[in-house]
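Okay, everyone, thanks for coming. I'd like to walk you through one structure today, so let's get it up on the screen.

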Amino acid sequence: MEITPQYFKIEIKNKVATVSFNRPEKSNALHMPAWTEMKEIFNLLSETAEVRAIVLAGEGKNFCAGIDLELLMSVSQYQKIECGGRRSEEIRKLVLSLQEAVNAIEKCKKPVLAAVHGGCIGGGVDIIAASDMRYCSNDAYFTIKEIDLGMVADLGTLQRLPKLISPGMVSEMAYTGRKVHGKEAKEIGLVNQSLPSRDELMESTLKLATVIASKSPLSIRGTKEVLKYSRDHSVEDSLNYMATWNSAMLLSDDLSEAFKASMEKRSPEFKD
């Protein structure tokens, strides 16, 4: 690793990187340095060959409380800018920089599995919406808290969640700010599974990530790329993209190894 994180913990084992928010004294609320660090971490892991899957978790009692209130309150400094246009321009730059930190999770070439316990609040929901898969413990809860702060969620929740769960449920969560707890999150499709305890959550999620990490890295990266493209394009366009993708990527060493392993009745061993 080329980064020494201050606000996250990173552990790499069996080709799986566990990235944990590490501001437990702040319920893992993220100030600007933490948002910047998160972006750097996911950009780096995206290009780290030894990492094939990523589990995103949180230290302490909560998964992530979103934006640190001090960062949110710092926006008031822009009121000192007399020109309305320049004031708006600076606020837009701030929002875009925070969006880039969340986008780094979605753009990461490796699948990201969010393992949520405790509170997943405001910006935490933006973060899990950008992840590939979501799992939680029964004590977890999810809330689009921005409405109670007199603002509109602006880091991806309103753009990504309607493509993951019922738009009507997204509207209910966004308009009311109510908590959706673990079992309900499973019922509405916000998470793939809700486990009885945090320990069982981490065990199950790490086990699944290890299975993913055992597959062809080239195919896993390609699958994530094609799934992202297909989400935002028509079936016809996506099929055309898929044909072009496989014309370039199908004949690989991973394909040969998979066939060879099948013939020899053994588990395949893929290069990073």
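This is a predicted model: local features need pLDDT of at least 70, side-chain atom pairs count only at pLDDT 80 or more; totals for chains, interfaces and linings use all residues.

Let's start with a pair of helices: α1 and α3 cross in a left-handed way. Left-handed here means the near helix is turned anticlockwise from the far one by less than a right angle, and clockwise would be right-handed. And when I say helix, I mean a DSSP run of H or I with at least four residues, while a strand is a run of E with at least two, both numbered from the N terminus.

Residues are numbered from 1 along each chain as its sequence is written, and side-chain values use heavy atoms, with hydrogens and water left out.

Back to the helices. The axes of α1, residues 32-46, and α3 come within 8 Å and cross at roughly 30 degrees. Those axes are lines fitted to C-alpha atoms, for helices over the stretch in contact, and angles run from 0 to 180 degrees between N-to-C directions. So α1 counts as roughly parallel to α3; the cut-offs are under 35 degrees for roughly parallel, over 145 for roughly antiparallel, 65 to 115 for roughly perpendicular, and oblique for the rest.

Who does the touching? On the α1 side the residues include Trp35, Met38 and Phe42, and on the α3 side they include Leu94, Leu98 and Ile105. Contact, by the way, means heavy atoms within 4.5 Å. Sorted by class, this contact has 10 nonpolar, three polar and three charged residues. Nonpolar covers Ala, Val, Leu, Ile, Met, Phe, Trp, Tyr, Cys and Pro; charged covers Asp, Glu, Lys and Arg; the others, Gly among them, are polar.

Now the sheet. Six strands make an open sheet with mixed pairing, in the order β1-β2-β3-β4-β6-β9. Two strands pair if DSSP finds at least two bridges between them. At the edges sit β1 (8-13) and β9 (193-195), each pairing on one side only. Ignoring direction, neighbouring strands of the sheet are turned by 20 degrees against each other on average.

Let's zoom in on β6. It runs parallel to β4, residues 112-116, and four bridges join β4 to β6, residues 133-137. Across that pairing, leucine 113 stands opposite methionine 133, and valine 116 stands opposite cysteine 136. Three bridges join β6 to β9, again running parallel, and there cysteine 136 has serine 194 as its bridge partner.

Is β6 buried or exposed? Five of its five residues are buried, so β6 is largely enclosed by the rest of the structure. Buried means under 20% relative accessible area, exposed means over 50%, and partly exposed is in between, using a 1.4 Å probe and protein chains only. Both faces are covered: Met133, Tyr135 and Ser137 are buried on one side, Arg134 and Cys136 on the other.

Skipping residues up to four places away in sequence, glutamate 11 touches Val16, Ala17 and Thr18.

Most residues other than glycine have a negative phi. Lysine 15, though not a glycine, has a positive phi of about 75 degrees. Lysine 15 is in the loop between β1 and β2 (16-21), and it counts as partly exposed because its relative accessibility is 31%. The other one is serine 27, whose phi is positive too, near 55 degrees. Serine 27 sits in the loop between β2 and α1, and at 27% relative accessible area serine 27 is partly exposed.

Threonine 157 is in helix α5, residues 157-160, and its relative accessibility is 0%, so threonine 157 counts as buried. Beyond its neighbours within four places in sequence, threonine 157 contacts Gly122, Val125, Asp126, Ile144 and Pro162. Then there's glutamate 257, in helix α11, residues 253-263. Why does glutamate 257 count as buried? Because its relative accessibility is 15%. With neighbours within four places set aside, glutamate 257 is in contact with Arg266, Pro268, Glu269 and Phe270.
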